[in-house]
Each structure stands twice: as structure tokens, then as C-alpha cells.
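Here are my notes on the model, point by point. Please read them with the structure open.

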Amino acid sequence: MDSSRGTVLDSIRELYQFGVVDYCMFAAMLILSAACGIYFGFFKRTKAKDTPTATDTSDLDLGETPPTVGSVQSKTPISPFGSSTIDEYLLGSRKLKAFPVAMSLVAGYISGVTILGTPAEIYNFGTQYWLIVVPIVLTGIAVCTIYLPVFCSLKLNSSYEYLELRFNRHVRSIASVMFVIDQMLFLPMIIYVPALAFNQVTVLNLYMIGAIVSLVCIFYTLLGGIKAVVFTDAWQVVVMFISVVVVVIIGTIAVGGLDVIWERSMEGGRIDFFNMSPTLYGRQTFWAVLIGGFFYWTSFNSVNQTMVQRYMSLPNLRTARLSIAMFTVAMGVFVSVCCYAGLLLYGKYYDCDPASVGLVSTNDQLFPHYVMESVGHLRGMPGLFIAGVFGAALSSMSVILNSVSAVLLEDVLRGLFQLNPGPLKANIFVRCCVVILGLTALGCLFIIDKLDGILIVSATLAAIANGTTGGIFTLGMLVPWSNTKGALVGGIAGALLSGWVSLGNQIASGAGEIVARKLPVSIDGCIEELVGNITLVDPVYPDESGVFPLYRLSYHWITPIGVTTVLVVGTIVSFLTGPRDLRHIDPELISPVIHRLLPVESFSYFGTANKNATIFNEEMQAQASVPPGPANDLNGQVGKEARTRW
């Protein structure tokens, strides 16, 4: 790089830096987040005494005897600070409201990776990914009708408890341990990506700001539990949305309006919604986005503990469905805004690509650079945007800390090791897990950019976890004949195949054998001092025909491969080893959409699988479909108990 061009780059970078107001906006976000933890930890606690009904067992630990009719259960706080009971800490005593939980679901799913990565994806590869909004809507319908009624009826603390009730303890342990490892590898990246963007617009070291944000997140999650997580997420997602929308509106006006952006995007080949190519190798095709997106979103939203735990924090099935409906609409809108931001980026940089001239070093820095350039002159706007990005990171991190600590208690300590600590010990254990998990993620933050291997391992494990766990849960709920052997063999087969495909793809990409084919960019409109002696040439892509076919698959197909493998192999093995006798299965373990396939005799076993839970509420009555007819009762008895219970 010649000295004159280097001087110009340095001058531009210095121009696009945070001011005092921007730092104040960012600091306000951290202070408010910490304040939520203090509020829910010390001031908004369950009253010392309460009088539950005979069936109110929501605040009892596993193994405790529920109160008899008319008895008074004293809710004495078991912690000098924070939530009073372990149920309040992990599930908010199942009394949270639909809207805050919906916003928390959005905030937990929208990380800094989404806000920064989605616009860059559209900028580099076109609008085909925008169709992901359709699978998002379909996923909401699938979760509400297939999976949610089962979890709500069983009233579980951890989604993986279902696997022990449906199959056995080993299936539950494998899935829960896989979840913990997956989330632990993902945690440092949640903070690292926005910290990298923050480093683009400030002089602060990315590790220092990452450490500050991590400690704030640990603080309010430790004190306030899921209540602090949910309500902090709710206002953070508002900041997130406002920041992105304001930037998009101002940017659109500055470029010249929607017509200019659309025209430039059309000329640059960015507009492509119907790439109907049947190839499985294309990064974004119509079929890959719709099918792969549906499998991925459904596998994650339906059974992942980070989602199910917040579903279970709601009082009833109707409220949970309302919350998911809000979440689905909000996600569709937010993802659409992020996708449009990608077109806005191209409308701005269609003739001067920042990456080609060295203004940004990674795709994740493209959107922050645009924010500083387009609205940097408006005091506080860059700070609001970065606060929104870090709000997304905080929300995702807090959700993971809370959910993983719940899994470590319910599935690892109680499920795997068969230990049942008392209320005080359980509370201490969960809080220690939050601190240890947060500090471990913070430690990994300092080495993540020096260990490329962790990215490969994390991406591979995420693919395994999504496909495998989604497949096992679906096998249990939609294939009533499946047995434990089928679940184990199917799960192992799905994990091996999806892991093989994902790992092979990551290794081939790292070796340069597979290169994503970006759409062309231009530097014809850049100032001469910035261009220097740079000349853009058409990229030369490697011949991928020699790469093993499965390694060349689009990342969209990895989750469908995992889910389909589990279902097919699990079903075949179940029938070969002796299918489950449906006459003795608890219908509560099967999705209501399959109830008409169950023999009437099975409904006499309704509610027997989970002896620690009560019926979620009377709404579940409408979910059962007991076949009518005289065969419904053997001597007038079979099915009578089921109807009474429902």
C-alpha cells in the first residue's frame, strides 16, 4: 500500500469514529441492563407467603410432595438476593406475559450476527435469502400445532425431560450434553462479532469492550433470572429495531429513494427471488431457502431449550400461542428490514466497494461502516445503532446463560447423575453455573480469533445439534410406534451424517477447495486517492467437481439431512426391533395431530408418563381426538378415565 493511499484510509477511519454522545448512548444501554437485574433481583420478588391451590405445583422442586387440598404452602425465599425460588429464577413462576416473552424470543434469536450478517449476505449474494420470511411463518404454525401442546401439557422445566419420558434417560442425556457443548462454543462468538464492529467505530480494544459487556450480562442474569432476561430483552429489542429502522430510513432518503436503490440493485444483479435451479450446491436457491429454512427454524424454535424455557414461563397454552404469533410476525418484519438494509448498502456502494479498497476488513464491519458514513454526523445515532447491536448480543447471551444453567440442573445433575439437591443447593448451583459459563465465554473471547478451528467445530456441532435433536423430538411426537432403540440409532445416524457433511464442508472451504461465488462489485466511483493502484479483476474460482459431492451442499441442506436421517433410520429400526405397543402409550407424549391414530385403549394411560406434573390447563381438552364409537370402552371402562382427565 502506497503512503498517500494509507494516509487517506487513516483519515477516513478517524472521521468515522464515536463521539461523546455515542459513548453515552452505549453506556446507557449497559446501565439499564444492569438496573433490570437489580430491580428483579431485589425489588420485584415473590412475596414471602402465598397460598396455592391444591394443584398449584409450579413452585415445587422435583421430588417434593405437593400440598394437600386446603393446605398453605409457604414460599420462603431460598436466596438472600435474586429470585426467591428456583422456579421463579428459571421460569418466572410461569406467570410472565405474552408480549415481553415474544420480544425476548425475538431478541434471543436476533444476535449481532444477524443484524450485521444479514445485510452483508444480501449485499454479496442477492435477495434470494429474503424468502426466509416464508419458512419463519410456516415454522410458527408448526410449533403451535405440533410441538407446543406436548410441552405445555407435560409442564416441563427442560425440553429434554421429554426425551426421558418418551424414550429413556440415555437419550435425554445425549441430547442435553450436546446442547450444552453447542451453546458453550457459540457464546464467545455472540460477543466477538459485535465487538469487532464496535472496534470499527471506536478506539477501544475489542477484548476490553467484550469483557465489559459480558460482565454486565452475567450480573443481571445472575441476579434477576429469567424475569430480568425477558424484560431486558423486551426493551433491548425495541432499541434494536428502532436503531436499524432509523438508519434504513435516513439512508434511503440520502441515496435518493426506493426507486434509486431498486434500479441500482437490478443493474448489479442483486434482485433474485426465484432462482428455481434444482442444484443442491447453490448457496441460495428458492428450494434451499424454503425447505432448508423451514427445517432449521422448526428444529430450533420447537425443541431448543432457549426457546422452550420461555414458552414454559407463560401461564397457559393460549398465551404461549399468542406469544409465538407475535414472535413470528416480529421476526418476519425484522429480518425483512435487515434484508432491505443489504440492498441499501449496495445502493450506496454500488460503484465503490469498501472491502475492495480496504475500508473494512470483514463483511461484519460493512454495515457499521455504512452507519458511521451515512448517519455519523447525527449525534447519538451511531451510538444508538451499536447499542442495538450489543443489545442483541446481550439478549442472546443472557438467554443462553439462563437456559444452559437450567439444563445443567434438570438434565445433567438430576437426569444424568440422578442427584436431587434441595431448593437452596439447586439455587446456588444454577447461579454458579451462570457465573462459570459467562466467565468461560469471556475467556474464550480472548482466543477465538487465534483459533480458526473453534469456528469449524462450533458450526459443525450446531448443525449436528439442530438436525439431531429436532429429528429425535419429531420422531417421538409424530411417530408413536418409535422406540428407544430407534431413537438412539436414528439419533446417532443423523448426528454422524450431518456432522460429516458439515465438517467436510468447513474443511473444504478452509482449504480453498470451495469458495462462495459473490456477485460482482465495482470501485469505479471511488476517489482516486482511495483507489491508488488497485485494479479489480474477475475472481478465479476453483474447480469444485473434484470435491466430494456431500461437501459441496449448501448449508441450508444440513439440517434437513439430519432430521430426515433420524426419522427414516429411527422408524425403520423401531419396526425391526419391535415397535412400541400403542395400547399402553401415554397420549400426552404424542402430538395432538397424531391422536386419531392412537387406539382408544391408550387414553386410559393419559397423564401417567410424567407423575410430577399436573395437567397444564383445560385448553388441552380440545387437543385430544378420541375416536368415537362403541369400541371406545371395554365393558364401559376403557377411555372413561381419559375423558374424565381431559
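1. Buried here means under 20% relative accessible area, exposed over 50%, and partly exposed in between (1.4 Å probe, protein chains only). By that rule, Phe151 and Phe473 are both buried. For Phe473 the relative accessible area is 0%. Tyr160, at 2% relative accessibility, is buried as well.

2. The ground rules come next. This is a predicted model, in which local features need pLDDT of at least 70, side-chain atom pairs count only at pLDDT 80 or more, and totals for chains, interfaces and linings use all residues. Residues are numbered from 1 along each chain as its sequence is written, and side-chain values use heavy atoms, with hydrogens and water left out.

3. On confidence: pLDDT is the predictor's confidence in each residue, from 0 to 100. The protein chain has a mean of 81, with 82% of its residues at 70 or more. Helices are DSSP runs (H or I, at least four residues), numbered from the N terminus.

4. Two stretches need care. A contact means heavy atoms within 4.5 Å. Residues 48–78 have pLDDT below 50, yet the model gives this stretch 58 contacts beyond near neighbours in sequence. Residues 613–646 also stay under 50, with 67 contacts beyond four places in sequence.

5. Now the core. A nonpolar core is a set of buried Ala, Val, Leu, Ile, Met, Phe, Trp, Tyr and Cys residues joined through side-chain atoms within 4.5 Å. The largest has 151 residues; Ile115, Phe151, Tyr162 and Phe385 have the most contacts inside it. Apart from it lies another core of seven residues, including Cys352 and Leu530. Leaving out residues up to four places away in sequence, Phe151 touches Tyr162, Met312 and Phe473, among others.

6. Which rings pair? Rings of Phe, Tyr and Trp (its six-membered ring) pair if their centres lie within 6.5 Å; planes under 30 degrees apart count as stacked, over 60 as edge-to-face and the rest as tilted. The count is 21 aromatic pairs. Phe151 and Phe473 are tilted, because their centres are 6.0 Å apart and their planes at 55°. This pair joins helix H6 (residues 133–154) to helix H17 (residues 452–478), 322 residues apart.

7. Tyr160 and Phe473 also have centres 6.0 Å apart and planes at 55°, so this pair is tilted. Tyr160 sits in the loop between H6 and helix H7 (161–166), 313 residues from Phe473. One aromatic cluster takes in Phe151, Tyr160, Tyr162, Phe179 and Phe473.

Conventions
Helices (H or I, at least four residues) and strands (E, at least two) are DSSP runs, numbered from the N terminus.
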